[in-house]
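Welcome, and take a moment to look over the sequence and the model shown here. We will go through them together, step by step.

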Amino acid sequence: MKIFLTFFLLFFSSSLFAEDISDFQIEGISVGDSLLDYFTETQILKNKRNYLEGKRKFYVVGTGNLNLKTYDSVDIYLKRNDKHYLVHQVVAFIFFKKNSDNCKIKQKEIIDNFNLLFKNWEIVEQDTTHPYDSSGLSKVSRVVYSLNSDYVAVECLNWSNAIEKKNPGWTDNLNVKIVNEEVNEWMDSGYP
């Protein structure tokens with residue numbers, strides 16, 4: 001059974017909870033779905049993101065013209081040379097330009113709901129610096145719900161002023177990730 005999760009409100013009973021990541025949807029998309037259910041092959045190829053370029057195992061597709069209801073942007077990770085275009089990871093973003101307090105408020109709303117949804121999952125909370133910023137001034141606050149090697153994470157990312165100046169377009173954001181075991185292992189191995 002798929003659980004459609006909106007950002008602001010969840011409809012579920014106390015006996016309903018996610019048993020694996022394929023039960024969880026962001027903007028109607030689940031890990032394990034074929035992206036061909038949402039886009040044509042031409043749209044998928046047209047909406048490839050320009051990061052993770054090269055001969056890597058996975059690549060990223062943006063949501064392009066998909067009508068998003070909750071998030072500002074969604075990245076979808078697909079395996080190279082998979083003609084079925086199976087979704088392996090979904091990352092959704094809400095942008096907060098210079099407003100990390102609102103990010104924390106939205107993150108708490110999601111976490112309160114996820115704590116009910118992911119009852120049997122391991123939960124880890126972490127406040128850390130972002131590894132991209134060697135100054136240590138960019139902060140990440142995350143809560144990760146894991147089951148085996150799959151996980152769902154909710155993060156607030158607050159870039160330092162220097163990073164935002166160096167990278168125009170990088171914005172503080174809240175992101176929600178659905179990550180399957182294969183992508184998790186790929187990321188742990190350095191994104192080859």
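Turning to the inside, 49% of the 192 residues of the protein chain count as buried.

Keep in mind that this is a predicted model. The mean pLDDT of the protein chain is 85, with 90% of its residues at 70 or more. Confidence is highest in strand β5 (residues 87-95), at a mean of 95, and lowest in strand β1 (residues 3-4), at 42. Over residues 1-15 the pLDDT stays under 50, and the model has 36 contacts beyond four places in sequence for them.

Now follow the chain from its start. If you take the contacts between residues at least 6 apart in sequence, 55% of them join residues at least 24 apart.

Because 7 of its 9 residues are buried, strand β7 is largely enclosed by the rest of the structure. Strand β6 (residues 122-129) runs antiparallel to β7, joined to it by 8 bridges, and here threonine 129 stands opposite lysine 139. Strand β8 (residues 150-158) also pairs with β7 in the antiparallel sense, over 9 bridges, with valine 143 opposite valine 154. Between β7 and β8 the hairpin has 2 residues, and asparagine 148 takes a positive phi near 60 degrees.

Key: Residues numbered from 1 in each chain as written. Predicted model: local features only at pLDDT ≥ 70, side-chain atom pairs only at ≥ 80, totals over all residues. Heavy atoms only, no water. pLDDT = per-residue confidence, 0-100. Helix = DSSP H or I, 4+ residues; strand = E, 2+ residues; numbered from the N terminus. Contact = heavy atoms within 4.5 Å. Buried < 20%, exposed > 50% of the residue type's maximum accessible area, 1.4 Å probe, protein only. Pairing = 2+ DSSP bridges.
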